[in-house]
Each structure stands twice: as structure tokens, then as C-alpha cells.
Amino acid sequence: MERLAAFAADCRDRGAPDAVRDDVTGRVLDVLGNCLAAYADPAADAGPAVLRAARRWSGAGEATAIGAGDRLPAPSAALVNGTLAHALDYDDTHLPSVLHPSASVVPAALAAAEAAGATGSELVDAVAAGIEVCARLGMASYLPETRTSLFFERGQHATSICGTLGAAVAAGLLFGLPAEGVAHAAGVAASMGSGLIEANRTGGTVKRAHCGWAAHAGVSAAVLALEGVTGPPTVLEGRFGFFRAWLDGRYDAEALLSGLGERWELPRTVYKPYPANHFTHPAVDCALALRAGGLAPESVAEAELGVAAPVLATIAEPPQEKARPRSPYHAKFSGPYVVAAALLGGGGLGLDLDDFAALDEDALALAVRVRCVADERASELFPRAFAAVLRVRLRDGSTREHRVDSSRGGPERPLTREELEVKFRSNAGRALRAEAVEELLAAARALPSAPSAAALLGLARAG
């Protein structure tokens with residue numbers, strides 16, 4: 001942990017590379033837009049529930065709850081905003097660790113920056129360091145032989161577990177802790193991370209709160225370290241440390257530390273063009289391509305969606321649950337449903353939040369005709385890219401097929417800054433007036449030179 005903390009402190013003291021700092025402003029913008037969209041979305045019920053809980057706890061007003069504008073204690077604001085950031089499953093994904101670092105780290109950093117009176121530049125560097133630590137912890141758990149995360153194989157949510165430490169690092173930097181103090185903040189946070197992904201399979205809204213709790217725990221750990229609570233120096237590699245507790249002691253030390261500060265994992269975190277589980281995105285791409293080629297959804301007799309074998313547990317099982325998801329949120333984790341929704345038509349960049357506002361009966365009727373199977377090529381590419389093939393048999397007996405080797409927004413097809421801003425405008429416009437959206441966008445663009453990070457949050461309050 002000492003080496004990670006030293007890297008983080010150096011990032012604050014010397015500043016992150018210009019390309020990394022520019023990347024971070026996009027992360028902050030994406031999180032703000034996702035939070036505002038979730039605040040305005042009545043289906044994102046975990047967000048309002050967490051806000052009500054935070055209001056019950058009260059306390060000194062240090063930081064802003066995005067959308068609502070409440071002034072809350074920094075840990076509580078981080079809890080609310082982290083929940084909103086992850087509530088719509090629209091947040092970015094690091095590859096190949098397949099975790100969502102920004103949804104935990106950015107809300108924690110925003111809350112700590114407000115509480116500490118930090119500048120925009122200080123916020124950017126803290127986010128950069130926190131996301132990098134989070135991503136490298138995720139990479140340390142990646143098993144090349146199985147092409148998946150050991151966290152995932154054990155039913156654990158790597159995002160919230162690793163995100164807690166990344167959030168603590170970012171908050172610790174903003175509270176002015178030295179490298180030793182940042183190590184203590186992360187060491188304390190390691191006792192606070194948690195998260196199970198069973199809700200992906202069979203329901204429940206708790207997963208939406210995972211990133212909020214990670215942000216809350218990270219800020220809390222940084223405050224505890226600021227007041228003198230310490231963590232063990234061997235918190236990661238020790239006999240009873242992080243890797244032993246979560247991963248039975250199996251981890252990749254080189255992935256964790258190699259090239260730290262020189263080779264950044266943060267830019268490998270890809271944005272989502274569609275508000276659904278990232279494993280479904282190549283399926284959406286295939287369906288949109290077939291539709292653009294003239295395929296009429298009413299002509300579909302049956303379809304076969306081929307995806308990477310490791311993702312079947314998330315988007316295809318149990319088959320009866322995925323063929324007829326129980327709620328719009330669960331539909332975001334259904335391969336059959338997203339194929340049907342994309343074939344029937346969508347908005348935004350191809351599918352948007354309106355396509356998941358309610359379960360569509362036509363999409364449900366079409367989804368039962370979609371079967372999910374493992375595809376060899378998609379499995380070979382996973383998780384460095386999300387790939388899929390969609391084969392459709394029409395009622396006249398003819399067939400159509402489309403394959404993608406990297407989903408839109410992925411490593412081979414990244415979203416442009418213009419596309420990211422289209423997504424932001426669509427999301428933020430659900431809670432803010434058009435002129436307020438543009439003000440917030442301009443403030444996010446200027447964040448690295450802003451004298452106060454708090455000004456950004458002042459613009460993210462719904463009228």
C-alpha cells in the first residue's frame with residue numbers, strides 16, 4: 001500500500017500528465033450527467049431512498065447532493081451521489097478488470113473537494129490517482145487463464161470493493177494527507193469495502209447503492225485517518241489482508257505495481273453509449289446494424305446471440321428470468337431483452353433511458369425468441385473487448401447475421417468527446433433547463449483551471 005500511496009501523493013504534488021487530466025474531466029462530466037439523469041428518473045428508486053436515509057442522519061452541511069442540492073456531511077453526500085452515479089448502469093467500465101471506477105471515486109472526490117475547499121486542479125489530480133488505484137486493484141484480480149476477475153467468479157462486486165480504496169485515496173489527497181496518511185486512509189477503507197452481485201441475476205435494488213457505499217466508506221476512512229486512525233502497513237498482501245480475504249491470496253503483483261505513474265490504466269476505462277450492463281453492448285450493436293440493414297422485427301422467427309462464455313451468468317442466466325425480466329432495471333442485464341429493444345428501435349446514441357423507462361410488451365414478446373450461447377471468438381477477445389454475434393432466422397426461412405469484435409465505446413471504437421457531450425446533454429437535460437446544462441458543461445470543461453471545485457456542484461442542482 002505504501003507504493004500506491006506514494007504514487008498518489010506524487011500525483012497530487014507534481015500533477016497528473018496532461019492527457020490523463022484531460023481524460024478525468026470527461027469522467028467527471030459523465031458522472032454528473034448520470035447522476036442528474038438518475039435523480040430525475042422515477043425508476044431509479046434506490047437514489048431517492050438513499051437520499052431520504054442521508055437526510056435522516058443529518059449533520060454538518062459540507063457537500064452537495066447532486067440534483068437535490070441538499071447540503072450534507074461529506075460521507076453522506078458521497079453516498080447519495082455514488083448511488084446516483086451507478087443507479088442507471090450508465091457508468092464507465094475499465095477493461096479488462098471489468099469494474100466501474102468513476103462511479104465510486106468521482107463522487108467521493110467531489111464531496112471531499114467541497115468539504116476541503118479544494119481547487120478544480122486538485123480535484124482532477126485526486127480523481128486521477130483514485131481511479132488509477134482502483135483500476136490496478138481490479139487488474140490484480142484478473143485471471144488471464146479464465147479471462148475473468150476472481151472477484152466476479154466468487155460473486156463479489158469488484159467495483160464496490162476496489163472502489164472503496166480508490167475513493168479513500170482520492171479523498172485522502174483532497175484532505176491534505178501526506179503519503180503515509182493516504183496509506184492509512186486506504187488501509188482503513190480496506191475493512192469497509194463490500195458488495196455481492198446476486199442482484200444482477202435475480203433482482204433487488206441494492207447493487208445500485210454499491211458505488212455510493214464505496215464512496216461513503218472511502219470518504220469516511222479518509223476522515224478517520226485525518227483524525228488519527230491507522231491501517232496496517234501490509235493491508236493488501238498480509239496473511240489476513242485484502243487479497244487473502246477476498247481472493248484466497250491469489251493476485252497479480254505486477255499488474256498492481258508495474259509502470260505505476262508511467263503507464264496509466266485510467267485511459268482504458270471506456271464510456272457507455274447505452275444505459276445497460278456493458279456485457280450487453282455488443283448485442284445492441286449487432287441488433288442496431290441488422291435493423292439499419294432493413295431487418296423488420298416482426299419478421300424474426302428466432303435469434304441466437306453469441307457472446308463471451310463468462311458473461312452468460314450475467315446476461316443469460318437464469319434463462320427464464322432473462323427472457324422475461326421483472327423490471328426495467330433487470331431488463332438492462334438481459335441479453336434477449338436488449339436485442340429486442342434495439343431491433344424495435346431506440347433513441348439517443350442507439351438506445352437511451354427512455355427505452356428502459358418501462359418494460360415494452362413488444363420487446364418482451366420478441367425477447368422470448370432470443371437464445372444466448374457462448375461464442376468462441378467473443379470468448380477469445382473477452383475481457384479486453386466485448387464482442388458478440390447475432391444470428392437471426394426470419395419467418396420466410398432466410399437468415400441474417402452480424403458480428404462485432406469490439407462494442408461501440410470500447411477500445412477499438414471509443415466514443416468521441418462530442419458523443420460524450422451528446423450523452424451528457426441528454427442525461428443532464430432530464431433534470432436541468434437547457435441553459436443550465438450548458439453552464440454545467442462549460443464548468444466541467446474548465447475544471448482544471450477552476451479556483452473552486454465547489455462551484456461545479458452549485459450548478460448541478462435541479463430547478
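The accessible surface of the chain comes to about 16,500 Å² (Shrake-Rupley method, 1.4 Å probe), and 51% of that area belongs to carbon and sulfur atoms. The structure is a predicted model, in which local features need pLDDT of at least 70, side-chain atom pairs count only at pLDDT 80 or more, and totals for chains, interfaces and linings use all residues. Residues are numbered from 1 along each chain as its sequence is written, and side-chain values use heavy atoms, with hydrogens and water left out.

Of the 463 residues in the chain, 63% are buried, meaning under 20% relative accessible area with a 1.4 Å probe, protein chains only. The chain holds 23 helices and ten strands; these are DSSP runs, with H or I over at least four residues for helices and E over at least two for strands, numbered from the N terminus.

On one side of the pairing list, seven bridges join β9 to strand β7 (residues 300-307) in antiparallel fashion, with Val300 opposite Leu394. Six bridges also link β9 to strand β10 (residues 399-404), again antiparallel, and here Ala388 stands opposite Val404. Two strands count as paired if DSSP finds at least two bridges between them. Four residues lie between the strands in the hairpin of β9 and β10, where Gly397 takes a positive phi near 95°.

Helix α8 (residues 158-174) contains Thr164, which counts as buried because its relative accessibility is 1%. Leaving out residues up to four places away in sequence, Thr164 touches Ala189, Met192, Gly193, Ala214, Ala217 and Gly218, where contact means heavy atoms within 4.5 Å.

Definitions and conventions
Buried < 20%, exposed > 50% of the residue type's maximum accessible area, 1.4 Å probe, protein only.
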